[in-house]
Amino acid sequence: MHPRDQTIFALSSGRPPSAIAIVRLSGPMAESVIAGLAGKTPVPRLATRALLRDSNHQPIDDAVVLWFPGPASATGEDVAEFHVHGGRAVLAAMFDAIAAFDNVRPAEPGEFTRRAFENGKLDLTEAEGLDDLIHADTDRQRRQALRQLKGLLGDRARDWRERIIAASALIEAGIDFSDEGDVPAELIGSALEKIRALHDEIKQVLAGQGLGERLRDGLVVAIAGPPNVGKSTLINQLAKREVAIVSPHAGTTRDVIEVQLDLDGYPVTVIDTAGIRETDDPVEQEGVRRARARAAEADLVLWLADSGDAKAGHGGATPTWLVRNKIDLVRTMTGEGGSYPEFRISAARGDGLSELIAALVGFAQDYFGTSEGGLISRTRQRGLLQETVESLQRGIDVVGQGEELAAEELRRAAFSLGRLLGRVDVEDILDVIFREFCVGK
């Protein structure tokens, strides 16, 4: 039996031990498994309490079972769920009992969602939204992922594709009726109007400057500066836990340390880098090299310094703030930050941290902008929409040179949107032509 025809099962809740664990099955053997373990097939979509028993009739657990006959299920196949107690021994017994059935195997990563996609329950943009929802760290990321899961981009892409197919059908019909006088000109003109409107609409979506991708990936803030200025202390304060070793000895931080923060719903990754200085230690040299590289790749650099005449030393194109640390130890600080925004804090005592965090939230608001309204959340999506726009533009450019060339460009545009959704069917254009124009009659 082909692996796709087998029934799959997996733990669909968190790691054990837990109060409750959910074991899910999907496939043609789901009903046999639930009936075999629970003693009977429960009423569809009704939570039913049952004592589960293995093939030797030994009790496994007192559980709640759910039965979802396909295609009205999450995957489009027969689906069964067992809500059992989340102990490791219970789950081990459950897995052994389920695996004892023929043609039932553990699921591969993402296989439930893959089957939902293959059975038309999700398109690729919705599947990506589901993945983003699972991995969302902040409330804003959650809301964006949920909108994608609900079809924010997919619904628009389906509409665009249908309109492209309709325009393509007009052009191809014009080609077929080329001997009918002014009929082709009328059809081509209508198609060209549709193509231009589509081109402008999708191009406007692409002009969103990647705000949706930004929200998904998060803001990266690098803490950089010389050794022993309090970088590790600052990242510990921001994380509200000890993520970096604090030591009075220079060169303690050798590698990049990252911590994920939720600043007012915005996802922020703060990285603590090695102290930047000249050194003969090859290990510390590598740490300095990595520190410079990460600072250059960051979206914002906090250059930490504790001397009165210190200036920000990053010097790159990345936005940089000068953060003067240890104000509790230095009485006078006469240095100027130059063109850099300047903050004065005590990372050890907490002085000035609230002002620095408030400024970071403001920077995040400007950085992410109105990303919650953005349709695009992944580079893959942006690339395919860009291909669509380019094909539409070429189609507009070649209309006067030959309708066959324009039709080919529209096919490419529809194909790109089909790849975006994961639905590619070259017969769609023919279906529209036969239905709308009665070609052949």
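This is a predicted model: local features need pLDDT of at least 70, side-chain atom pairs count only at pLDDT 80 or more; totals for chains, interfaces and linings use all residues.
Start by selecting Lys240, which is exposed at 78% relative accessibility (buried means under 20% relative accessible area, exposed over 50%, and partly exposed in between, with a 1.4 Å probe and protein chains only). Lys240 sits in the loop between α9 (231-239) and β8 (257-263); helices (H or I, at least four residues) and strands (E, at least two) are DSSP runs, numbered from the N terminus.

Residues are numbered from 1 along each chain as its sequence is written, and side-chain values use heavy atoms, with hydrogens and water left out.

Zoom out for a moment. The protein has 14 helices and 12 strands, and of its 441 residues, 46% count as buried. Contact means heavy atoms within 4.5 Å. Among the protein's contacts with a separation of 6 or more, 60% are between residues 24 or more positions apart.

Next, select Pro319, in the loop between β10 (300-305) and β11 (320-324). Pro319 is partly exposed, at 39% relative accessibility. Show its surroundings too: leaving out residues up to four places away in sequence, Pro319 touches Asp299, Leu300, Val301 and Phe363. Ala296 is 23 residues from Pro319 along the chain, with 9.7 Å between the C-alpha atoms.

Now for some annotated residues. Which residues does the UniProt annotation "binding site" cover? Select Arg24, Glu81, Lys121 and Lys441, as listed under that annotation in an unreviewed entry. UniProt positions are given in the numbering used here, feature names are shortened, and annotations may be inferred rather than shown by experiment.

Is Glu81 buried or exposed? Glu81 is buried, with a relative accessible area of 11%, and it lies in strand β5 (residues 79-86). Beyond its neighbours within four places in sequence, Glu81 is in contact with Ile22, Val23, Arg24, Val64, Val65, Leu66 and Phe68. Look between the side chains of Glu81 and Arg24 for a polar contact of 3.2 Å (a pair of N or O atoms within 3.5 Å; within protein, one must be able to donate a hydrogen and the other to accept it, and residues adjacent in sequence count only if both atoms are side-chain atoms).

Move on to Lys121, in the loop between α3 (111-118) and α4 (124-135). Lys121 is partly exposed, at 36% relative accessibility. A polar atom of its side chain lies 2.7 Å from the backbone oxygen of Pro71.

Finish at the largest pocket, with about 720 Å³ of space. A pocket is an open set of points on a 1 Å grid over the protein atoms alone, where a 1.4 Å probe fits, with protein on both sides within 12 Å along at least five of seven lines; lining residues have an atom within 4 Å of a point. Grid points are joined across faces, edges and corners, and the volume is the space filled by probe spheres set on the points. Of the 27 lining residues, select Gly110, Phe112, Thr113, Leu130 and Ile134, the closest to the pocket's centre. Then colour β1 (7-11), α3 and α4, the elements that each give two or more residues to the lining; α4 gives the most, with 7.
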